[in-house]
Structure formats: C-alpha cells, structure tokens
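Reader: I have a new model open and would like to learn how to read it. Could you walk me through it step by step?

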Amino acid sequence: MERELETLFEAQKIEIQIMEGERKLLQAPKRLQQMQDELIALRQKIDKEKEITDELEKERRKKEKELEAEKEKIKKLEVRLYDVKTNKEYQALLKEIEAAKEANDRTEEDVLVLMDKVEDLRKDYENSNVQLKEIEKESQAERAIIEKEIKSMDEVIARLVQERDNLLSVVSESLRNIYGVLRERRGGIAVTNVKNGVCLGCNMNIPPQLFIEATKNKQLIQCPSCNRILFFRAND
Ligand SMILES: [Zn+2]
C-alpha cells in the first residue's frame, strides 16, 4: 500500500504542474486580447485627436476666407469714400468701415487662437503616434514570446499528462478511481501531505490517532474534513 500511496502522491505533484500549465495556457489568450484592446483604444484616441484637429483646421480656414472677403469689402467701401457727395454720407461710410475693421480684428484673433490650438493638437497627435508605434513594437515582441510559450507549454503538459498516467496505471483500479473522483471534486488535489496533525489540503486538524496512522502510510486514510487521501512525507 505504501508504494501505491507514494505513487499517487507523486502523480498528484505532476497533477499540480499540469494545472499550473493549463492556468498559464488559459491566461495567454486573455493577455493577448488585453494587448489587442489597448492598441485599439489607443488608435481610437489618435483618430479622435485627428478628427478634432481637422475640424479646428477647417474652422480656421473658413474664418480666414471670411477675413479675406471682409477685407475686400472694406477696400471697396474705402474706394466709395471718394465718390460720396455729402459729409453725412461720408461719416456714415467711415463708421461702417470702422465697424468692419473692428470685426476683422476680432476674427483675426480667433484665427490666431485656432492656429495655436491646432498646433498643440498636432503635437499631441504626433506624440500619440510615436507612443502607438512603441506599443505596437512591444506588443509584437510580447506576442511572439507568449506564442512561443503556448507552444512549449502544450508540449510540457502533454509530457506531464503522460507521466501522470504512467504513474496512475500502476496503482489499483479502486485507488485510481478514488483519486479520480477526489481530483474532480477537490479542485484537482486528491492527495495531500499531512503535518503536525493538520491536513495540508484543507488545513483542518485530524484526530491524533488518525494522524499517527496517516504518518505510517500503511493504509488508505482520508481526511475526515475534505476526504482527500493523506500521505505523510516529512520533507515535502
Ligand atoms: Zn483535509
């Protein structure tokens, strides 16, 4: 019995490595997806920046055109100054020209503000693009590592499963069945060490007499709390 229990204990150790490998395999696609999402979000942010910049640039061009048109109008008004007959008309025209010039000054200021804004946004946009390139490069490198890991992990797990099955094949069918059921029901841990009167599977105390029996490894003893198969090994 001791040999069988020890074999199960060794199989359990391999089982834990298999679970660890499978956990990593499960995480890998999540990490890949996460990187993908980050890139998409950054690209969207950059697109948005571009959109806003283009919008403001359009606005600036529109205002500049307006400005040109207004300047033309003022020129024409100024030419008309020579043709007016009365002082009243002359004053009225001057007033109109003055108002148009003031309006133009304000538009010019608007244009300058827009130019500053566009310039700032362009800088942001360029920085974001540099950032994107860097992240794309990093992601690509990390993706390559993860894909390599997945591939080797597949091989490692296949080898471990083979090792575990080889071990399980030499224990009695009834013991193998108990192991199988417990593994399913107890989160993959069917066999556990027992130390200082405590089951290391569930950390519950074991009655002293049962503990003494368990440390002998002579018979199948299961934890009264979690049902796991107990195996004593001092240095494990
Ligand atoms: Zn237990």
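Author: We will go from the overall outline to the sheet, the core and a few single residues. Keep in mind that this is a predicted model.

Reader: Into which domains is the chain divided?

Author: Domain 1 covers 2–7 + 22–170, and domain 2 covers 176–231. Their C-alpha centres lie 59 Å apart.

Reader: How do I read the sheet, and what is the order of its strands?

Author: The general idea comes before the case. Strands of a sheet pair through backbone hydrogen bonds, either parallel or antiparallel. In this model, three strands form an open sheet in the order β2-β1-β3, with mixed pairing. Because β2 and β3 stand at the edges, each with a single partner strand, one side of each is left without a neighbour in the sheet.

Reader: Which pairing is parallel and which is antiparallel?

Author: Strand β1 (residues 191–195) and β3 run parallel and are joined by three bridges. On that side, T192 has L230 as its bridge partner, and V191 stands opposite I229. β1 and β2 run antiparallel, with two bridges between them; there, K195 is partnered by V198 of β2. β1 and β2 also form a hairpin with two residues between them, and N196 in the turn has a positive phi of about 50°.

Reader: What should I make of a positive phi? Where else does one occur, for example at N203 and N217?

Author: Most residues other than glycine have a negative phi, and most peptide bonds are trans. N203 has a phi near 65° and is found in the loop between β2 (198–199) and α4 (208–216). For N217, phi is near 55°, and this residue lies in the loop between α4 and β3 (229–231).

Reader: Are N203 and N217 buried or exposed?

Author: Count the neighbouring C-beta atoms: 20 or more within 10 Å means buried, and 12 or fewer means exposed. N203 is exposed because it has 10 other C-beta atoms within 10 Å. N217 is buried, with 20.

Reader: Now the inside. Which residues have the most contacts within the largest nonpolar core?

Author: That core has 20 residues, and those with the most contacts inside it are L8, Y179, V191, I229, L230 and F231. At least two residues each are supplied by α1 (2–80), α3 (173–185), β1 and β3. The largest share, four residues, comes from α1.

Reader: Which residues does F231 touch?

Author: Leaving out residues up to four places away in sequence, F231 touches L5, F9, V191, N193 and N217.

Notes: Residues are numbered from 1 along each chain as its sequence is written. This is a predicted model: local features need pLDDT of at least 70, side-chain atom pairs count only at pLDDT 80 or more; totals for chains, interfaces and linings use all residues. Domain bounds come from an automatic or database domain assignment. Two strands pair if DSSP finds at least two bridges between them. A nonpolar core is a set of buried Ala, Val, Leu, Ile, Met, Phe, Trp, Tyr and Cys residues joined through C-beta atoms within 7 Å. Two residues are in contact if their C-beta atoms, placed from the backbone, lie within 7 Å.
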